[in-house]
Amino acid sequence: MLVHVGLLPLSSSCLPSLPRLPRLSSTKHRTFAMAVVSEDPVREWILSEGNATQITRISPVGGGCINRASHYDTDAGSFFVKTNRSIGPSMFEGEALGLGAMFETGTIRVPKPFKFGPLPTGGSYIIMEFIEFGSRRSNQSVLGRKLAEMHKAGKSEKGFGFEVNNTVGSTPQINTWSSDWIQFYGEHRLGYQLQLALDQYGDSTIYEKGQRLVKSMGPFFDNVVIEPCLLHGDLWSGNISSDKNGEPVILDPACYYGHSEAEFGMSWCAGFGGSFYSSYFEVMPKQPGFEKRKDLYMLYHYLNHYNLFGSGYRSSAMSIIDDYLRMLKA
């Protein structure tokens, strides 16, 4: 969702040479760790496991309203740090696990996560690789190909879901494992958002019609092979950039393993062009019924925007639901 703070472009003068990245701490999930609380856990990690002997500058990075972001310059390179004074480490755990999972595919570039944990006065932090952004947007064709390669490489034997629940924007995203994609998407994506709309706004109309769609949407998946693919989960233009070499970078994920087509749910504000889709489908061939399912995946994000930002997004969500109900005669 759109308000996660990301890695924003900084001038090259802000980035000293980076001789080596620090080794990662280990946990049962991935090769980074949640920290034990100390007086300044960010500084402590950078000056120990981060291989730095001094922090030369700390610069604020703007661009979001959920977290505070900072760029740490050190004699061992640069780090990007996000902190939140009111939310515990579970939010950054989800981000760290997602970044780590995408990083491990060795496909598209993402900032490498190093550490997350609680702050001593409340809240939490995450430390990750600092990536210097280039001045131009990533090549659409390369972005499409690399995203497809990530989907192809990132598989799960556990089914659809993720290791932890995480957030899409600031909305909780439930990732309980399931072997049934239609059930997972209906319950943990559309159903969850519909219940939020009912609880938050008393919107029984969108809830009842949405639930009718959830119960009737099975035919849109006939003759489709659906494998659990690693998804970024919140891929819009604000979470897509390029490094100084022009290679695409994606960040601020809401990762889970799901149907590859669900990745395009934010395409209404991602700016994907023809070359993006052509390159993507060369690696991950388009399946029957793709066009009919596109709006079904956009519906999740329209509902999330409705729940986060109010009635301005209700009509788009309602229109999609009504169109599908007419199509299904449900």
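**Entry 1: Aspartate 252**

I began with aspartate 252, which is buried, at a relative accessible area of 3%. For this I take buried as under 20% relative accessible area, exposed as over 50% and partly exposed as in between, with a 1.4 Å probe and protein chains only. This is a predicted model, so I note that local features need pLDDT of at least 70 and side-chain atom pairs pLDDT 80 or more, while totals for chains, interfaces and linings use all residues. Numbering runs from 1 along each chain as its sequence is written, and side-chain values use heavy atoms, without hydrogens and water.

I placed aspartate 252 in the loop between β11 (248-250) and β12. Its phi is positive, about 50 degrees, although aspartate 252 is not a glycine. Helices here are DSSP runs of H or I with at least four residues, strands are runs of E with at least two, and both are numbered from the N terminus.

**Entry 2: Asparagine 51**

I looked up asparagine 51 next. Its phi is near 65 degrees, a positive value in a residue other than glycine. It sits in the loop between α1 (41-46) and β2 (55-61). Asparagine 51 is partly exposed, with a relative accessible area of 31%.

**Entry 3: Helix α4**

Helix α4 covers residues 181-201, and its 21 residues should span 30 Å at 1.5 Å a residue; the end C-alpha atoms are 28 Å apart, which agrees. The expected span is 1.5 Å times one less than the number of residues.I found a bend of about 40 degrees at glycine 191, taken as the angle between axes fitted to the seven residues ending there and the seven starting there.

At the N-terminal end, aspartate 180 caps α4: a side-chain oxygen lies 3.0 Å from the backbone nitrogen of isoleucine 182. Just after the helix, glycine 202 takes a positive phi of about 65 degrees.

I listed the buried residues of α4, among them Trp181, Phe184, Tyr185, His188, Arg189, Leu190 and Gly191. Their cover includes β7 (166-168), β8 (171-173), α5 (204-216), β12 (256-258), α7 (290-309) and α8 (314-328). Contact here means heavy atoms within 4.5 Å.

**Entry 4: Helices α7 and α8**

I turned to the pair α7 and α8. They pack at an angle of about 145 degrees, and their axes are 8 Å apart. Axes are lines fitted to C-alpha atoms over the stretch in contact, and angles run from 0 to 180 degrees between N-to-C directions. On the α7 side the contact includes Lys292, Leu296, Leu299, Tyr302 and Tyr306; on the α8 side it includes Arg314, Ala317, Ile320, Ile321 and Tyr324.

I then took α8 alone. It has 15 residues and reaches 21 Å from its first C-alpha to its last, close to the 21 Å expected. The buried residues of α8 are Ala317, Met318, Ile320, Ile321, Asp322, Tyr324 and Leu325. What covers them includes α4, α5 and α7.

I found serine 260 in the loop between β12 and α6 (274-283). Serine 260 is buried, with a relative accessible area of 10%. Leaving aside neighbours within four places in sequence, serine 260 is in contact with His151, Cys229, Leu231, Tyr280 and Met284.

Last, I looked at valine 142, in helix α3 (residues 140-153). Valine 142 and serine 275 are 133 residues apart in sequence, yet 8.8 Å apart in space, C-alpha to C-alpha. Not counting residues up to four places away in sequence, valine 142 touches Glu247 and Pro248.

Definitions and conventions. A polar contact is a pair of N or O atoms within 3.5 Å; within protein, one must be able to donate a hydrogen and the other to accept it, and residues adjacent in sequence count only if both atoms are side-chain atoms.
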